[in-house]
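Biologist: Please walk me through this model. Keep it brisk.

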Amino acid sequence: MADGGGLRHVRGKKEALAALTRASTDLAAADPGIEEPDRVAFFAEASLSHEMACTLRDLGDLKGAEAAFRRSVRTRALPYARTHAVTLGYLGDVQVRQGHLDDACQTWTRALDAMAGIRSGRARDTVVQMRRSLSPVKAAAAIWPQPSTSGPASSSPT
């Protein structure tokens with residue numbers, strides 16, 4: 001699940017949602033007093049929210065995905081800067097797919113700031129996806145009439 005692809009191994013929407021419900025229940029029942037092995041210590045609310053968001057995005061529930069990505073961003077611990085930056089990138093993608101371009105650009109700005117000094121294939125892929133998402137906007141801007149910068153047109157004397 002940690003590849004950002006949601007629950008790809010699950011066959012259908014019903015099974016994916018059931019798996020998310022089980023994971024949420026298991027996480028809620030976890031006892032903070034029990035020491036976790038290092039291999040799973042990173043998996044907490046932020047990780048579950050991230051995976052839930054990827055799954056909801058893949059199932060076409062962009063509003064649900066946006067809410068889950070936001071929860072992941074809010075709860076992500078600082079030592080996981082790369083994952084935090086990638087999650088912000090995914091959040092921006094979901095926002096632009098819903099037509100919220102300004103929100104996406106603000107989120108992507110945060111993602112790019114968070115990527116400073118990070119060398120990662122996933123971070124690079126996130127930047128590539130940003131460019132792809134903005135490509136149609138750039139193409140549309142090229143055909144829209146640009147406002148004149150020369151001021152109001154003056155009427156010619158007759």
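**Helices and their packing**

Modeller: The secondary structure of this predicted protein comes to six helices and zero strands, where helices (H or I, at least four residues) and strands (E, at least two) are DSSP runs numbered from the N terminus. Residues are numbered from 1 along each chain as its sequence is written, and side-chain values use heavy atoms, leaving out hydrogens and water. Because this is a predicted model, local features need pLDDT of at least 70 and side-chain atom pairs count only at pLDDT 80 or more, while totals for chains, interfaces and linings use all residues.

Biologist: In which helix is confidence highest?

Modeller: pLDDT is the predictor's confidence in each residue, from 0 to 100. The protein averages 78, and 71% of the residues score at least 70. Confidence is lowest in helix 1 (residues 13-29), at a mean of 74; the highest value, 94, belongs to helix 5 (residues 101-114).

Biologist: What share of the residues in the protein is buried?

Modeller: Buried means under 20% relative accessible area, exposed means over 50%, and partly exposed lies in between (1.4 Å probe, protein chains only). The protein has 158 residues, and the buried share is 34%.

Biologist: Is L17 buried, exposed or partly exposed?

Modeller: L17 lies in helix 1. Beyond its neighbours within four places in sequence, L17 is in contact (heavy atoms within 4.5 Å) with L56 and L59. Its C-alpha atom is 8.5 Å from that of T55, 38 residues apart along the chain. Relative accessibility is 34%, so L17 counts as partly exposed.

Biologist: Are helix 2 and helix 3 roughly parallel or roughly antiparallel?

Modeller: Axes are lines fitted to C-alpha atoms, for helices over the stretch in contact, and angles run from 0 to 180 degrees between N-to-C directions. Under 35 degrees counts as roughly parallel, over 145 as roughly antiparallel, 65 to 115 as roughly perpendicular, and the rest as oblique. The axes of helix 2 (residues 45-58) and helix 3 come within 8 Å and cross at roughly 160°. The pair is therefore roughly antiparallel.

Biologist: How far apart are the axes of helix 3 and helix 4?

Modeller: Helix 3 (residues 62-75) and helix 4 (residues 81-97) pack at an angle of about 155°. That makes helix 3 roughly antiparallel to helix 4. Residues in this contact include F69 and V73 of helix 3, and L88 and L91 of helix 4. The axes are apart by 9 Å.

Biologist: Is helix 4 roughly parallel or roughly antiparallel to helix 6?

Modeller: Helix 4 and helix 6 (residues 121-143) pack at an angle of about 15°, with axes 9 Å apart. The two helices are therefore roughly parallel.

Biologist: Which residues of helix 6 make that contact?

Modeller: Helix 4 supplies R82, V86, G89, Y90, D93 and V96. By class, the contact has five nonpolar, four polar and three charged residues. From helix 6 come R122, A123, T126, Q129, M130 and S133.

Definitions and conventions. Ala, Val, Leu, Ile, Met, Phe, Trp, Tyr, Cys and Pro count as nonpolar, Asp, Glu, Lys and Arg as charged, and the others, Gly among them, as polar.
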